Amino acid sequence: MDRKVTQIHFSPGGTTAAAAAEISGALSQDFSTIDLLKTKTPGEISFGSDELAVFAMPVFAGRIPGVCPDMLSRMKGKNTPAIAAVVYGNRAYDDALLELTDILTDNGFVVIGAAAFVARHSIFPEVARGRPDTADKEILRNFARQCGNRLETIASQGHITVKGSRPYREAPPLPLKPSGNSRCNSCGACVKICPVGAITAEEPRKTDKAACITCTACIYVCPQKARSFRGLTYKLAGGAFRKKCSSRKEPELFA
Ligand SMILES: Cc1cc2nc3c(=O)[nH]c(=O)nc-3n(C[C@H](O)[C@H](O)[C@H](O)COP(=O)(O)O)c2cc1C
Ligand code: SF4
Ligand code: SF4
């Protein structure tokens with residue numbers, strides 16, 4: 001594709017970025033990336049109508065993560081075609097895809113394709129373990145090609161309709177908060193990645209529970225595997241969740 005393709009993602013556990021890369025990679029071999037977890041407070045970035053933006057967000061409690069709308073508000077389109085993808089942990093994506101497409105439309109993007117994909121649940125990783133798998137990746141690439149083919153015609157046909165309802169569902173904070181153990185060697189990786197400053201360099205095994213948004217970034221970045229969810233509440237919640245959400249869900253495409 002001749003267009004410049006930019007992938008914009010927030011991916012504390014890595015699966016959203018991986019799913020998005022399948023889409024972006026099928027559209028362009030040299031796509032650029034804006035990682036909102038690393039950039040945290042990006043300056044305003046403008047996209048032209050001759051570009052293509054691929055936005056990918058994980059689903060947190062049926063919405064996009066609460067820290068993301070502000071980050072996304074700095075991405076400005078000028079009738080720029082965009083693909084919207086949300087990635088969820090085999091429960092449900094509720095209003096997350098609608099919320100993402102609404103934000104993009106408000107910011108000057110024309111959503112030419114949208115989809116919800118399933119990935120390993122970042123809090124209960126036994127659920128949807130190994131996803132996105134080979135079959136998911138094939139669907140991701142086909143979806144990208146479908147969007148690419150429709151690119152030139154759809155911009156003039158208006159916006160696509162996705163599943164979800166307004167007002168969006170409430171997304172209360174989860175009571176589960178990760179902490180570190182004795183394997184921690186104070187490397188500081190979790191301190192740097194935390195999007196809300198809930199971990200200090202002085203005491204990286206601890207977590208400011210009031211600030212923590214349970215994003216899981218500190219767990220997946222830790223080279224010592226020192227940070228995790230612990231305790232009875234987590235064990236009980238995990239058992240109930242696995243019972244409820246183990247049967248395989250498939251990607252849903254709107255293109
Ligand atoms: C705080 C939080 C809330 C979540 N809420 C949902 C949810 O409502 N539905 C669901 O199916 N998965 C939910 N998940 C699972 C994530 O959407 C899923 O694991 C996703 O792949 C995470 O993306 P990442 O690996 O890029 O961080 C939640 C995960 C977290 C951390
Ligand atoms: S990333 Fe892991 S090892 Fe490094 S400071 Fe955080 S908890 Fe400790
Ligand atoms: S402390 Fe909480 S908010 Fe910070 S990276 Fe860990 S899970 Fe995310």
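**Figure 1. Glu126 sits in the loop between β7 and α5.** Helices here are DSSP runs of H or I with at least four residues, strands are E runs of at least two, and both are numbered from the N terminus. This is a predicted model, in which local features need pLDDT of at least 70, side-chain atom pairs count only at pLDDT 80 or more, and totals for chains, interfaces and linings use all residues. Residues are numbered from 1 along each chain as its sequence is written, chains are lettered from A and ligands numbered from 1 in the order in which they are written, and side-chain values use heavy atoms, with hydrogens and water left out. With a relative accessibility of 38%, Glu126 counts as partly exposed; that label covers what falls between buried (under 20% relative accessible area) and exposed (over 50%), using a 1.4 Å probe and protein chains only. Now look across to Arg150: it is 24 residues from Glu126 in sequence, and their C-alpha atoms are 37 Å apart in space.

Figure 2. The bond runs from Arg131 to Pro132, and its omega is near 5°. Pro132 belongs to the loop between β7 (109-118) and α5 (134-154). As background, most peptide bonds are trans.

**Figure 3. Arg166 and Pro167 are also joined by a cis peptide bond.** Here omega is about -5°. To find Pro167, look in the loop between α5 and β8 (179-180).

**Figure 4. Lys40 has a positive phi.** The angle is near 60°, and Lys40 is not a glycine. Most residues other than glycine have a negative phi. Lys40 is placed in the loop between α2 (36-39) and β3 (45-47). It counts as partly exposed, because its relative accessibility is 21%.

**Figure 5. Asp94 is another non-glycine residue with a positive phi.** Its phi is about 45°. The loop that holds Asp94 runs between β6 (80-88) and α4 (96-106). With a relative accessible area of 26%, Asp94 is partly exposed.

**Figure 6. Thr216 is buried in a loop.** That loop lies between α6 (189-193) and α7 (217-221). Thr216 counts as buried because its relative accessible area is 2%. Setting aside neighbours within four places in sequence, Thr216 is in contact (heavy atoms within 4.5 Å) with Pro12, Gly13, Ser122, Ile123 and Phe229.

**Figure 7. Stepping back, the protein has eight helices and ten strands.** Its C-alpha trace spans about 55 × 40 × 35 Å along the principal axes. Of its 255 residues, 50% count as buried. Among the contacts with a separation of 6 or more, 81% are between residues 24 or more positions apart.
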